[in-house]
Amino acid sequence: MGGGGGGGGCGEMGTAKAWRYSTFSAKLALEQQHKHVCWRSQKRPISWSILCGLMLFCLGLISLFTGHVASDLEWYSQRLVKRSLYSKLDMGRRASINIWKSESSKFYYGCSKKGRHFASAVREKSSNGYLLIAASGGLNQQRTGITDAVVVARILNATLIVPELDHHSFWKDDSDFVNIFDVDWFISSLAKDVTIVKRVPDKVMRSMEKPPYTMRVPRKSTPEYYLDQVLPILLRRRVVQLTKFDYRLANNIDEELQKLRCRVNYHALRFTKPIQELGQKLVIRMRKMTNRFIAVHLRFEADMLAFSGCYYGGGEKERYELGEIRKRWATLPDLSPEGERKRGKCPLTPHEVGLMLRALGFGNETYLYVASGEIYGGEETLQPLRELFPNFYTKEMLASEELKPFLPYSSRLAAIDYIVSDESDVFVTNNNGNMAKILAGRRRYMGHKRTIRPNAKKLSALFMAWNKMDWDTFAKKVRSYQRGFMGEPDEMRSGRGEFHEFPYSCVCHKPFKYPDDENNNNKQVTLVSRAYIGSGSEWENKGSNSLQRLKENPGEGPVTLGDTKDDGFLAD
């Protein structure tokens, strides 16, 4: 099994076992809690020791006839007794979640090494021709296009020309590939998978009777489409250019090709030295102020709001400004702002993001790094978030002078935000856009670092009524709605969502070690119990302050909502 070494990475059977184990553990914990609640309501509760004794006695009788021993059941019954103890300490609450990190992430690791049967790349002279790619959109949208371009070149047995970046999108950034990514590393690190060169050789260009054939393939095209529709043209014309190349390859493809996607996205696409160095400087400056911090990708810029078709109460001025921006997407349908919000398609406001985080348990002493472009509404829009989290920082605040060379280039600025967000302890997305998907997938691959995505569909309805309830009720509802949106490993399964967000083929489960002695057994019981049950005591005495107090003193806020000095478990 094992994905990092040997031949085949982590196969389908290994992945299936991993998820079955994760699901079994979660179900087991929930079953114990359910039983605990039911037994409390009965007049004469059944003793765990009696139940386990009966189980051992029955299996012992069976063992006399079958020759089997009951040692396994004894070990499992000890685990159940331990879990029952944790459930009692939990006072019947639902499973707790550490808001700063996933306790079960230690069971998983990134695995993208190619299998032994994955042939080496064809040499340039032996390839079927040259593939030119014109990426589209902002930095992270182009990143998906670059990743898929390598895979498509592999499918076609083509030589890939270093992709061209988009200079004509909304962001008007004229950066080339070499200005953002380490092009030499990109070429050399993928040399065994795909042959990549910086440009079509002059000799080939002079020998061509016609200029390169240009075409646009449909979105989410399958490998078979490329072989049937693109390869014949490539063989005839020698050079083919694919335009507006974003999400032009199917989501579900062969597992070895999925692993190639991961090698490109998580290893080959390395930022240039100036970008990397400044990004790391900002991380170090955040770490000097605090041991752990949250990075929030607000994605509340004008283009995002215009694209979403949502309305945020800015009157005719907002409708006109966003309407003008929206015209650049000629194919977008007319949308109902109210309907889109109910469907969870509208980004939360910065204020709503702050309230969600406070309800989850992050106190007002928590440090925030806000990754964003120019927020629509400016400082007035950001002020409520600043009041909820006074330790509020942006790249402009951390590196005003050093940032000046990057200011004319939106993609390079986005790359700096990408680095800091990736290094954060908790990453919070505010929509399901490209940066959110790309970083969520990377953080899963790199150890399931905590990534929180708002359950916008349920939260939007809650925010419309939050003024009518006390803080404890509001916070409890937020915590309930956010279960399944906290970046836990069991949220990822084959076929769910975009592969860039859920890279299931590239995340393997570490082999389970059977405890050999009493000490190891106790450690394992504690480990699993903390992952799925936890102490649950944090919320018992925290959050007693009313919502009214938070409204009156938003900057102060009750630290007890999520004391960062403790482990910070999310419970109901």
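A: Quick definition to start: a disulfide here is a pair of cysteine sulfur atoms within 2.5 Å. In general, such a link is a covalent bond between the sulfur atoms of two cysteines. By that cut-off, the structure holds three disulfides.

Some ground rules before the details. This is a predicted model, where local features need pLDDT of at least 70 and side-chain atom pairs count only at pLDDT 80 or more, while totals for chains, interfaces and linings use all residues. Residues are numbered from 1 along each chain as its sequence is written, and side-chain values use heavy atoms, with hydrogens and water left out.

Let's begin with Cys111 and Cys508. Their sulfur atoms are 1.9 Å apart, and the link is right-handed, with 85 degrees about the S-S bond. This pair ties together distant parts of the chain, 397 residues apart: Cys111 is in the loop between β2 (108–110) and β3 (130–135), and Cys508 is in strand β13 (residues 507–509). Helices (H or I, at least four residues) and strands (E, at least two) are DSSP runs, numbered from the N terminus. As for exposure, buried means under 20% relative accessible area, exposed over 50%, and partly exposed in between (1.4 Å probe, protein chains only). Cys111 comes out at 0% relative accessibility, so it counts as buried. Cys508 is buried too, at 1%.

Next up is Cys262 with Cys506. Here the sulfur atoms are 2.0 Å apart, and the 95 degrees about the S-S bond make for a right-handed link. Again distant parts of the chain are joined, 244 residues apart, with Cys262 in helix α9 (residues 255–268) and Cys506 in the loop between α20 (471–481) and β13. Cys262 has a relative accessible area of 1%, so it is buried, and Cys506 is buried at 0%.

That leaves Cys310 and Cys346, with sulfur atoms 1.9 Å apart. This link is left-handed, at -95 degrees about the S-S bond. It connects distant parts of the chain, 36 residues apart: Cys310 lies in the loop between α11 (302–308) and α12 (315–326), and Cys346 in the loop between α13 (337–342) and α14 (350–360). With a relative accessible area of 6%, Cys310 is buried, and Cys346 counts as buried at 4%.

If you number the bonded cysteines of the chain in sequence order, the pairing reads 1-6, 2-5, 3-4.
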